[in-house]
Amino acid sequence: MTDFKLPLSGNVTQAINPWNVLFDPVGSQFGLVNINMGNSSNPDIEAEVLSKVASYGKQLGRIGDALTVLLKHFHPKEALTEKEKKAIRSLTRMLEEIADVKDHHAQKTEPELTQSKIAV
């Protein structure tokens with residue numbers, strides 16, 4: 001004969017882990033800054049670059065700074081298409097907005113060292 005059990009009448013097992021209770025509401029984040037390496041082809045190299053060389057933000061910032069210089073001196077041999085012009089305008093606008101944010105934060109901390117006043 002088969003067992004017949006009404007709801008809530010059978011054997012119940014539940015693992016209670018206090019760590020899950022504490023950290024699940026914040027997405028299991030244990031530190032103030034957690035980096036998800038995603039599907040990196042070499043996570044060891046990526047982790048070392050992030051810890052010893054530069055964060056993602058710093059890397060992108062330097063790429064943006066270099067692109068700003070290149071765009072300033074960019075003289076295409078052929079006319080750009082509208083799609084290409086739009087891409088450059090969008091990038092330029094974004095880089096200008098980033099520079100504005102950097103300037104704003106630099107003015108808060110050190111008024112005499114804003115991005116636009118730094119000479120190289």
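Hi everyone, let me start with helix 3, which gives the most to the lining of the largest pocket: ten residues. Before going on, please keep in mind that this is a predicted model.

So, what is the volume of that largest pocket? The computed value is about 490 Å³. In total, 20 residues line the largest pocket, and those nearest its centre are G64, D65, T68, L95 and A99. Sorted by class, the lining of the largest pocket holds ten nonpolar residues, six polar ones and four charged ones.

Now let's look at how these helices sit against each other. Two packed helices are described by the angle between their axes and by the distance between those axes. For helix 3 and helix 4, the angle is about 125 degrees and the axes are 11 Å apart. That angle makes helix 3 oblique to helix 4. And which hand does the crossing of helix 3 and helix 4 have, left or right? The crossing is left-handed.

Which residues meet there? From helix 3 we have G61, G64, D65, L67, T68 and L71, and from helix 4 they meet I88, L91, T92, L95 and K102. By class, this contact of helix 3 with helix 4 has five nonpolar, four polar and two charged residues.

One last thing to look for on the structure: G64, D65, T68 and L95 are among the residues nearest the pocket centre, and these four also belong to the contact between helix 3 and helix 4.

Terms used
Residues numbered from 1 in each chain as written. Predicted model: local features only at pLDDT ≥ 70, side-chain atom pairs only at ≥ 80, totals over all residues. Heavy atoms only, no water. 1 Å grid on protein atoms, 1.4 Å probe; cavity = no way out; pocket = protein on both sides within 12 Å on 5 of 7 lines; lining within 4 Å. Points joined across faces, edges and corners; volume = space filled by probe spheres on them. Helix = DSSP H or I, 4+ residues; strand = E, 2+ residues; numbered from the N terminus. Nonpolar A, V, L, I, M, F, W, Y, C, P; charged D, E, K, R; others polar. Axes fitted to C-alpha atoms, helices over the stretch in contact; angles between N-to-C directions. Parallel < 35°, antiparallel > 145°, perpendicular 65-115°, else oblique. Left-handed = near helix turned anticlockwise from the far one by under 90°. Contact = heavy atoms within 4.5 Å.
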